[in-house]
There are 6 protein chains.
Amino acid sequence: MRIVTFGEIMLRLKPPSAERFFQSPLLEATFGGGEANVAVSLANFGLDASFVTVLPKNDIGEACKGELRRFNVDTKNIASGDGRMGIYFLENGANQRASKVIYDRANSSIAGAQPGCIDWDTVFSGADWFHVTGITPAISQSAADLTLEAMTRAKKAGVKVSMDLNYRKNLWKYGKSAQEVMRELVKYADVCIANEEDVQKSLGITNEADITSGELDAKQYEALCKKVFAAYPNIEMLAITLRESKSADYNGWSACLYDGKEFLLSKKYEITDIVDRVGGGDSFCAGLIYGLFAYEDKRDALSFAVAASCLKHSISGDFNRVSVKEVQALMGGDGSGRVQR
Amino acid sequence: MRIVTFGEIMLRLKPPSAERFFQSPLLEATFGGGEANVAVSLANFGLDASFVTVLPKNDIGEACKGELRRFNVDTKNIASGDGRMGIYFLENGANQRASKVIYDRANSSIAGAQPGCIDWDTVFSGADWFHVTGITPAISQSAADLTLEAMTRAKKAGVKVSMDLNYRKNLWKYGKSAQEVMRELVKYADVCIANEEDVQKSLGITNEADITSGELDAKQYEALCKKVFAAYPNIEMLAITLRESKSADYNGWSACLYDGKEFLLSKKYEITDIVDRVGGGDSFCAGLIYGLFAYEDKRDALSFAVAASCLKHSISGDFNRVSVKEVQALMGGDGSGRVQR
Amino acid sequence: MRIVTFGEIMLRLKPPSAERFFQSPLLEATFGGGEANVAVSLANFGLDASFVTVLPKNDIGEACKGELRRFNVDTKNIASGDGRMGIYFLENGANQRASKVIYDRANSSIAGAQPGCIDWDTVFSGADWFHVTGITPAISQSAADLTLEAMTRAKKAGVKVSMDLNYRKNLWKYGKSAQEVMRELVKYADVCIANEEDVQKSLGITNEADITSGELDAKQYEALCKKVFAAYPNIEMLAITLRESKSADYNGWSACLYDGKEFLLSKKYEITDIVDRVGGGDSFCAGLIYGLFAYEDKRDALSFAVAASCLKHSISGDFNRVSVKEVQALMGGDGSGRVQR
Amino acid sequence: MRIVTFGEIMLRLKPPSAERFFQSPLLEATFGGGEANVAVSLANFGLDASFVTVLPKNDIGEACKGELRRFNVDTKNIASGDGRMGIYFLENGANQRASKVIYDRANSSIAGAQPGCIDWDTVFSGADWFHVTGITPAISQSAADLTLEAMTRAKKAGVKVSMDLNYRKNLWKYGKSAQEVMRELVKYADVCIANEEDVQKSLGITNEADITSGELDAKQYEALCKKVFAAYPNIEMLAITLRESKSADYNGWSACLYDGKEFLLSKKYEITDIVDRVGGGDSFCAGLIYGLFAYEDKRDALSFAVAASCLKHSISGDFNRVSVKEVQALMGGDGSGRVQR
Amino acid sequence: MRIVTFGEIMLRLKPPSAERFFQSPLLEATFGGGEANVAVSLANFGLDASFVTVLPKNDIGEACKGELRRFNVDTKNIASGDGRMGIYFLENGANQRASKVIYDRANSSIAGAQPGCIDWDTVFSGADWFHVTGITPAISQSAADLTLEAMTRAKKAGVKVSMDLNYRKNLWKYGKSAQEVMRELVKYADVCIANEEDVQKSLGITNEADITSGELDAKQYEALCKKVFAAYPNIEMLAITLRESKSADYNGWSACLYDGKEFLLSKKYEITDIVDRVGGGDSFCAGLIYGLFAYEDKRDALSFAVAASCLKHSISGDFNRVSVKEVQALMGGDGSGRVQR
Amino acid sequence: MRIVTFGEIMLRLKPPSAERFFQSPLLEATFGGGEANVAVSLANFGLDASFVTVLPKNDIGEACKGELRRFNVDTKNIASGDGRMGIYFLENGANQRASKVIYDRANSSIAGAQPGCIDWDTVFSGADWFHVTGITPAISQSAADLTLEAMTRAKKAGVKVSMDLNYRKNLWKYGKSAQEVMRELVKYADVCIANEEDVQKSLGITNEADITSGELDAKQYEALCKKVFAAYPNIEMLAITLRESKSADYNGWSACLYDGKEFLLSKKYEITDIVDRVGGGDSFCAGLIYGLFAYEDKRDALSFAVAASCLKHSISGDFNRVSVKEVQALMGGDGSGRVQR
């Protein structure tokens, strides 16, 4: 299966271990971004994944492409543009202290890119699946236009489209609200992935469940799914990730999936010693796409997605460096952490 | 508010992560010491903090002053003296293995400093609060004399005085016992901070509670407070920190406050993935001083102090690198560790 | 007491912290191997420990010997041979993600060593105890022959012999099964250490207990011990370590000991923030040997062994860098992790 | 003497040692910029130095201020503004391979700052000297306006003004050429510092000397100085730094000074094992300002400036971490590098 | 142009900076090997480069492939095989102390690979150039057979063949001498690259020049070239690299090229602050292949090759991380190391 | 041959690479001291070396002993004492910037040790050579007394005594001048090693040569040697090391040797890329002792000593990590730095 993802990839700068910003004069420099994370994860699962973006023509842009190729992600369709590489500074939390992100992504090449700058015919030739998120349209009007162009072209090319709503309150600064833009874009999605806050902030559809409490009420999530399906008849499948944040180190992690007929609730993983939770949602998206490709039963697809993203929490960096075999071992019940010799 | 703290600051040398001493040929080199930690924390809270000590005239002393200035601590009143920079070697514990400290602080500049070497008139001009600990008088007779000089001069200048009893069994080697000295000094304190062991070892006042058991009995702590107030009528407020050490990684953390009228017991935080507990008590002192300055209600002051020091456990190094906003978020109940984007 | 251990020592290469293999271009390079780990641990406990192996004549072999000497292990009886230094690559797990080992130990000097290459008379002169594991005979036919030679010569020299069965499924590739070889070797052991899987795979003696479940049934372990004693009348003592792997970070850890008369079950430690579990079993062997030497009561010996190996989980690297005093503190009940100042 | 410098300070991100960009996933993160470098250097020389800029209100801006305070630079007059922290990525050259800089400084807070945003009355109150460079006016029209405002206000306040022409060909992108702007600004400078290329590109005044050849012709530099004096009668002193780049590791370093009467040529230092040449020119400016303050004889001032900036090449980072005593030792002829015990 | 290179790639393990082996417990872990280095360098020059080898199926082999892809090297034709990843340990020299290599490459997957294991039809389809070295046939009989197979198949497919003689005295241990094997293989090479020692040890053709002296005698090298051409009429071009090792930090570097008609001697570079000389010869090979592709004049090709490999000495790791533009700048005479802003 | 050395060993704390003190919060932590350096070097040459000192009973003292054992130095005669481990902080110079040392060695265990605390009978049993330096008697009166005790006992035991004068101007603070003490001690030395400054400051014997100029006048050194022999008839051999400090990176290095009959001047090495010059003199002492043991001809002994200490400059840390084979290669003329594969 050939999957295309499209969006922004940033330079990620993080102080070592659990240090606060500039506690020592070192930053770990890697790359990451919602859609690129999905592409890397799918390439790690052995699928043919291609990432499309616009990057500046300098050594940082080249290094970024090299890093993607390392994971076997096809970078041939990445365009060059003016502007800079977006950056995000990440500080790892610990215990009651939250992780912290400072975005420095304004004026990136992708933010300045205009519709027409990418050859979608080439991009979608032979493609089976296209994945976007709600982050790209939040960056700039032109990026939102480009996202719409991508989605409509994908649909026209007969490519299945998935969208991770991914609401970010500190973006959406170019004059339009998330709902104005996202409600339109979602009409072109076949599969939707979100957490409860995303659904509310991007689509304006709310639940009664208290998202800050730890305990989940399956019934309420089923109701929420149905509301979304009612509003967007184009959606074939909606997955909602359920994160119970107990501390920066300890989260509960599960998800539910609704396909218009059945409401499925996954097993919940207790993740007690989180290494890095950034990219958790992206690894779920990749897991779900792979799961739907590899398994007949949606229950298995959901199970694969949740296990894959559970494992992401044990890996530093945005990318989910796990194999299908490792995810399947956890799906099969082995989370014992015994040394594999 | 202008706060002055006075005492020893040391070079802190620690092997990386959880390594034992000299497991690899690297030491993390930072600075710390009870009273300096309080000054840094208060400067981080936005107050006007000044630290007074005696340092050797070499690149290590200069680096130490530079590090304090970085946090906006006023170093203008730091005196120069003979002797060396005190050092403490710290090894981080893990689980059932305790953290370990080797002191190499003998013959430091502050240990050799004599009364008269600091211009207290300048130091206390414009000051509102003065903070000392039981560590400085434990170093040498002259340092004890200097502490007494400082406290009496502060009182005379109309400056509020707080003292953290901070008993250290490996100091007090110059011929006097902690009780001989501390019982006298405490007479000049308006606010006292201590843990139960400090009260017992420094003042000779004991409780029946078993300090090695995890469970606390509020009643007993109230009784202990009353005993201290009975013995030291000068004390206006006594705060006792309550640490339940379950392992090197997991502590319960709370405190109580008594003002002669009301006995207040704080919320208890479960800190399950401790990054660094050194400086926990100092961050409580700073939190309490800030809390008493910023809040009308002593309940809020105590709550701020406990939340501030809870967060300290998530930060490596002696200094509590948190802002008022972050402490207030935890006071307000958000210890969920969700990524702040 | 003079103890000799014999076996393979490898170069251990591990990515930093919890990184996956080659996530960054750095490897932590230390040394380790079952029998060497036991020697180092015993030297740390103050005993006279000697390690015997065959190493290549190059800077890596020399560095390895230097590292052993650092811990006061006698390296004078280490022979030089053709071949290379065995290597094992270790990736630290986290939470649900397991640790992973890649062995690159084929064609090591010890694998190619023949009986006769070590002067056992010199080695066992003055020795009280000899310790081997089931790893060496798993490497090659000649290493198995050499192990048999060592054990028979030790018995002949009146030296007490202990053997850690230590089954490794990825070794035993030279044409014989573990049971073919181990059943013969165990006949020369006075003390046997194993986990349940080792007993089953090396001796073919099984239990009904489900080794993947967390909960232990003491009765079944007692029964298992009796089966082993029945099959091997030469065995005077059998210790079984009981690891409950809940995640890569959290294990339960205990052990039982049977001497033909009494079945003793140790206290169980909850180890919730594991730093490094590799070498846990080896540290138990060392703890048991020291315990049997230092205590009259087998209960104390077992207690020492379990506490020693509990502490190993807090230390990175194969070697258990703890002192008798630290083990005794934990035996005595202090696992509170309070800072030792 | 109180000196004020004004301009941009950036986050400097550099791969470790001589690595190329992203050769490993680490960047050394420090701060630097022409005018800030001058302030730090002067503070290290014991003068009262204040740095004025506009920084974003986030943890990066705060860390930058903290780093300046560490060196005793007054940061009270730093304003807060919208926009981001400018960044420059630096790759260290070696031998025939040149060092490389990627600027990511567009849309910084200082670039967006407007005249009026800084309270120059407060800034120049008590000031003796004001230093700017040709970098700030190269960033944006408003920054050029702000520079002009600063220089005119300084003159009005009776403050001596120095300007480092500092031509950067990759800036000057907002629609005006360097000469259009700089020719106007230089009219407000009392002291000018430049290299030959700066004079040519910023003022349009050329020399016949071949700047790419290593050998200098003093006569030609004297002629060049006279041309500048003829064009700008306001200039009291002009210093030209003379760098002979033989390789990334080996430079010749000297300078000349002209005051309208005498033309002085300094000693030339052979710097053969360069650690970091970035900030070399800035350290010369600081050395010259200090030299003019501390010495009667301009010859000494020039000599101090060249020695100070020679030493900068031995120090990593933008800042010149040397003391007056160290510069004087080199001035006095001791460049032997003997260990100072 | 599509280039294929074939041979061994190893894990390269090096202590940090100039440390001796195991001076600290860290090794820098990268990958390298003669033929892979050539492929990476050519891909960096923008050509379509493919590397063929046999790797073990484990995380180390996968990481190696990922690292090659990062540089845009095609890894699709890399086969999987039994055996291990070869390793070489490298210690950086300094001054009079030489760099040191410990090979641990026995029993690698490539050493055990048999003719027939690679699909040469696919490999050479569309290929223009094939490059091998004298290292692969030195590893084992089967690797020598495989090399012969590769060269004959390349010739049959009309692909140009280059061979770097690359004599290594510590290989050639499987029973044949270098000359026995290399004399046969060289018959299939169109272009030969070597240093003087290689010619002597691999082909048995000697010169009178003293290879340990620094000074070169062009005449003698021309004579040597003619001898080789006389012995091997198939050779169209012979390049000899001329390294004058003055110390571990300082080498002279030049080369000569003979095509049967003209003898060309390149400029000599003085490389005084070597970062890493390993891979210098490989970077020359890549430079020559690119040069012959890009330039009409062989003089330019040689000039490009020498400049490219001069720059390699400034880069750590086996791979030559430079662009065509950077090589051309040095060819054009700019080795001044001025900062490129 | 069994050699004993006696003196102080310190913890050495150094910022990474060429950083100034506390430029980043890391210190490299190793051990070193004149006499220990000699012992390590001799053990590396394969001799039986024993180091005698007094160390505190804590983890730092234990780590120090472990580090010595790693090099095969016998630590059995190291005594335990009160007091601390001496420390020296070292900052690496570069080019014109000198290296810098801050001593923090007051109140060390060895400084407080009294005559009688070491069992010299055991120490000198079987010993052939005893080496001391002028550093130990410079620390304290009791350390001077202990040095005298050691030297007289060595002489009495028939052990050859060598002394490195090693003058340190920042020691000698306990009330006696270097000359008062050293003139007496030198009377018990058979072999003396010194540089010209040492001879002048420790013995009061001067030369006319200008020690700050680079060029040496052999005649003057011969004259100096004769003056020393005239004053101290007990001396059998005097070696003077001749360091020409051109910069922190570049030194000339040679030595001369006088035995009362012949004056020998060694080859001079140009050391252009110094890694670490600390311990250079100690490595000469060790080289001379080994040379006198291994060679008939004093010329060879001197040659070995100079080559060994030349190589020391390429190695970081106090210890000279080179083998006899490596020194002999350099003696034989190979300083070409060619990679040893």
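Start by selecting R2(C): with 15% relative accessibility, this residue counts as buried (under 20% relative accessible area is buried, over 50% exposed, in between partly exposed, using a 1.4 Å probe and protein chains only). Keep in mind that this is a predicted model, where local features need pLDDT of at least 70, side-chain atom pairs count only at pLDDT 80 or more, and totals for chains, interfaces and linings use all residues. Side-chain values use heavy atoms, without hydrogens and water, and residues are numbered from 1 along each chain, with chains lettered from A in the order written.

D48(C) sits in strand β4 and R2(C) in strand β1, so the pair ties together parts 46 residues apart in sequence (strands are DSSP runs of E, at least two residues; helices are runs of H or I, at least four; both are numbered from the N terminus). At 38%, D48(C) is partly exposed.

Next stop, chain B: pick K298(B) and D259(B), another salt bridge, with the closest N and O atoms 3.3 Å apart. K298(B) belongs to helix α11 of chain B, while D259(B) is in the loop between β13 and β14, 39 residues apart. D259(B) is buried at 15% relative accessibility, and K298(B) is partly exposed at 27%.

Hop over to chain D and select K187(D) with E184(D): their side chains form a salt bridge of 3.2 Å, N to O. K187(D) is partly exposed at 46%, and E184(D) is partly exposed at 35%.

Definitions and conventions. Salt bridge = Lys/Arg side-chain N within 4 Å of Asp/Glu carboxyl O.
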